[in-house]
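Thank you for making time this morning.

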Amino acid sequence: MPERIVIVGGGLAAHRAAHTARREGFAGELVVISDEARAPYDRPPLSKQLLAGALAPEQVTLPGPEIECDWRLGVAATGLDLAAGVLYAGEEAVPYDGLILATGRRARPWPAPLGLSGFHTLRRLEDSLALAEVARPGTSVVIVGGGFIGCEVAATLRGLGVEAVTIVEIAPYLMPVAGPEVGERAVRLHRNHGVDVRLGASVEGFDGVNGAVCAVRLADGERLEADVVLLALGAIPNTEWLAGSGLTLERGAVVVDEHCLAVGAQNVAAAGDMAAFPHPHAAGPVSIEHWATAREMGALAAHNLMVAAGERTPFRAVPTFWSDQYDHKIKSAGLLTAADAFTVVEDDPDGPGLVIEARRGEELVGAIGFNRPRALIDYQRTLAEALA
Ligand SMILES: Cc1cc2nc3c(=O)[nH]c(=O)nc-3n(C[C@H](O)[C@H](O)[C@H](O)COP(=O)(O)OP(=O)(O)OC[C@H]3O[C@@H](n4cnc5c(N)ncnc54)[C@H](O)[C@@H]3O)c2cc1C
């Protein structure tokens, strides 16, 4: 068992790793280094209850008992010397004999300088508060990107009475990762709630007045008025600081084995959104940017770092995801991105229910549904049995 475990990151995976280390009896020194100045908090409410004002910032702090560790908040890790077993955080060298990497992701920025105010992204608590401050009734909000976060924000803002909410999505339907049937259902849902949904639309640029954005220019020449623009373009791993460390990176994510241990390194684990792991339904290592995966990987990373090699537990959890939009609950299980076909198995055209199976050839690789939580639990169980 290591004597000094250092955890890098201040999100769910890091929190879970620290919690697990202590719960499983780690009595050594436990250091957590996070570049965020606040205690770990939950991100899902940032696009939902926190943005809506239904929860206050202190209510999204991750629950659980006080974890006894040396919290170094507001400090960014800047480098890693694997051979020496030393992590660098600015000028400080922090030795470890067990290291857990959990630096997550950040919002993908617009690919060119913007030079105007009025743009927002959504990843941190402060982002949600900043958006809530400006996206008020009477403002025109354009959301660039119709993925889950873009759709959730649209729903929350409509609930807050923001009349002019537009989503611009390049794909022919919303939430493209979930397949066309779910995506088209989402289009109807948002349009029924008054959102202006632009599909197959790409953004060419932005117009400004007095230094602030005033319109989004589409490639077909149309101009959408905008006081506020949310760039919801996905997320990129916070791993630049690991370049040259010797760790294997795949599309920026740290590649781990089935035990959440970093490939090609000793005593180093990685968990959550910044890690890529082997999954039987994927051709190569995958990153799953889901809350439950970050939680499960964080716990397993700590466990496997502390036990003897023969006692390690493989990561076999079925990825699950949920999204709340208006009064609809969307849930998925499995690896939807592995599917080559989506089949509707239940559809209530007049009601809110929809269940879709995702298959690769004959094999079930996932399922997704609107307002059918029990059915999704059954799919999760079926998928887990197949992976066991
Ligand atoms: C707005 C929003 C809504 C979401 N809603 C849902 C949902 O409804 N359902 C769902 O399943 N999932 C949802 N997710 C995804 C889920 O929240 C993430 O999968 C989860 O937060 C990942 O946890 P993590 O610990 O891996 O990374 P993160 O939460 O990103 O935490 C990483 C931490 O590391 C810190 N860090 C980064 N670089 C450094 C460094 N160099 N040194 C020190 N610290 C560093 C970061 O600042 C951050 O504190 C949502 C995400 C967002 C942003």
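Of the 37 residues around the ligand, those that come nearest are Asp 35, Glu 36, Arg 43, Lys 48 and Arg 123, where a residue is near a molecule or strand if one of its heavy atoms lies within 4 Å of it. Please keep in mind that this is a predicted model, in which local features need pLDDT of at least 70 and side-chain atom pairs count only at pLDDT 80 or more, while totals for chains, interfaces and linings use all residues. Residues are numbered from 1 along each chain as its sequence is written, and side-chain values use heavy atoms, with hydrogens and water left out.

The shell around the ligand draws at least two residues from each of α1 (12-23), β2 (29-34), α4, α6 (291-306) and β22 (320-325); helices (H or I, at least four residues) and strands (E, at least two) are DSSP runs, numbered from the N terminus. Turning to the backbone, a polar atom of Trp 322 is 3.0 Å from an oxygen atom of the ligand, and a polar backbone atom of Arg 105 is 3.5 Å from a ligand oxygen atom. Taken alone the ligand exposes 1,000 Å², of which the protein buries 96%, with accessible areas coming from the Shrake-Rupley method with a 1.4 Å probe, and for residues only the protein chains shown counting as cover.

Let me move to helix α3 (residues 125-134), in which Leu 125, Ser 128 and Leu 131 are buried, meaning under 20% relative accessible area, with exposed being over 50% and partly exposed in between (1.4 Å probe, protein chains only). Seen down the axis of α3, these buried residues fall within an arc of 130°, so they line one face of the helix; the arc is that of the directions from the helix axis to the C-beta atoms. What do the buried residues of α3 pack against? They pack against α2 (49-52), β9 (119-120), α4 (148-159) and β16 (228-231), contact here meaning heavy atoms within 4.5 Å.

My last stop is Leu 376, which is placed in helix α7 (residues 373-387) and counts as buried at 3% relative accessibility. If we leave aside its neighbours within four places in sequence, Leu 376 is in contact with Lys 331, Ser 332, Ala 333, Ala 367, Ile 368 and Gly 369. Phe 342 is 34 residues from Leu 376 along the chain, and their C-alpha atoms are separated by 15 Å.

Methods: A polar contact is a pair of N or O atoms within 3.5 Å; within protein, one must be able to donate a hydrogen and the other to accept it, and residues adjacent in sequence count only if both atoms are side-chain atoms.
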